[in-house]
Amino acid sequence: MVEKIVSLTHGKDLDGIASAAIVLRYARKKSLPYEVYFSEPSLLIETFQKITAFESEIAELIISDIGLNKGLLTKAINALNTVKGKYSVKIRWFDHHLWDSRIKEKISEIVDELVVNERFCAAELIQRHILPEDAIAAKLAFLARDADFWIFSNEISKKLSKIISYREVALKDLIVILSKGEYWNEALEKAYSRALEREKELLDKGLKSLETYKVKKFNVALVKGKIPAGEIAEILAKKGYDIIVVVSPEGKVSLRRGSKKVNLVPIAEKLNGGGHPFAAGGSLNYHWLDKLLAKYFGIFRKKEIILKVIEEVLT
């Protein structure tokens, strides 16, 4: 069996996708096969299990744009040890979220390389460490930073982010396109137009489901459904909301802030997630009945958990 380069990355934004595209270029440079797995903090352990179940040989496992919170530390250690036990593998982890010092220490004892730096996006960290002289990788890292830090000085980064957010292009196909240095084309332009149409529909629908709460003098907006968190948060922040919460029918929680007085990280960590002070996410751990009620009847259970966590953190 030929060993592979495996990318384990965040599949919901340009930083994660650009990171995977850079890893694909790295795999080509080493003349090794490549595979990508998409994950997020709350699904990380499950993704490790998929990798060990489906992959026979791995040369390098490169994890990108995925943080780790205290609640998952023990399970993550066990999962990483399982990976190390099955393969003769080099594990490299690149992230820019906030990590607890103890978590960094424990994970560093297992992986071969851990790079956590909040000043850069994950794609920048990967590019600097594995393909420092590669012009295409550098361009991908620039686009990722432009989107991840909400700079949006480049029209392409904004359009790619929109396409990824609405899944208008298969992510694996997009990774291949970007890895070849093709940042935009006619097919992507059509996908972008479709994304804009979907966005308008979802934003209109999301605003109709808006619930408002007052928690410790902070205005909290709660929106239900598959709504683009960043876009609706921008609208609601202008209306004076300090915390914007979006709950999906699957029980995923997206958090955005409208006030710089709020740090979303401790809120997200209590919801089995993580992220940045300004944008984070977690999970309500919906079971099949919760998902059924939310999807078909618009009944989103466990909302009170979010409000309770917000109150605890803001106290």
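The model is predicted: local features need pLDDT of at least 70, side-chain atom pairs count only at pLDDT 80 or more, and totals for chains, interfaces and linings use all residues. Residues are numbered from 1 along each chain as its sequence is written, and side-chain values use heavy atoms, leaving out hydrogens and water.

**Exercise 1.** Find the edge strands of the open sheet of 6 strands.

Step 1. Helices (H or I, at least four residues) and strands (E, at least two) are DSSP runs, numbered from the N terminus. Two strands pair if DSSP finds at least two bridges between them.
Step 2. The strand order is β6-β7-β8-β9-β11-β10, and the pairing is mixed.
Step 3. β6 (211–215) and β10 (274–275) each pair on one side only, and are the edge strands.
Step 4. β10 runs antiparallel to β11 (residues 279–283), joined by 2 bridges. Glycine 274 has glycine 281 as its bridge partner.

**Exercise 2.** Classify the crossing of α6 and α7.

Step 1. Axes are lines fitted to C-alpha atoms, for helices over the stretch in contact (heavy atoms within 4.5 Å). Angles run from 0 to 180 degrees between N-to-C directions.
Step 2. The axes of α6 (residues 135–148) and α7 (residues 155–165) come within 9 Å and cross at roughly 70°.
Step 3. The helices are therefore roughly perpendicular (65 to 115 degrees).

**Exercise 3.** Decide whether leucine 98 is buried, partly exposed or exposed.

Step 1. Leucine 98 sits in the loop between β4 (90–95) and α4 (101–108).
Step 2. Buried means under 20% relative accessible area, exposed over 50%, partly exposed in between (1.4 Å probe, protein chains only).
Step 3. Its relative accessibility is 35%, so leucine 98 is partly exposed.

Notes: Angles under 35 degrees count as roughly parallel, over 145 as roughly antiparallel, 65 to 115 as roughly perpendicular and the rest as oblique.
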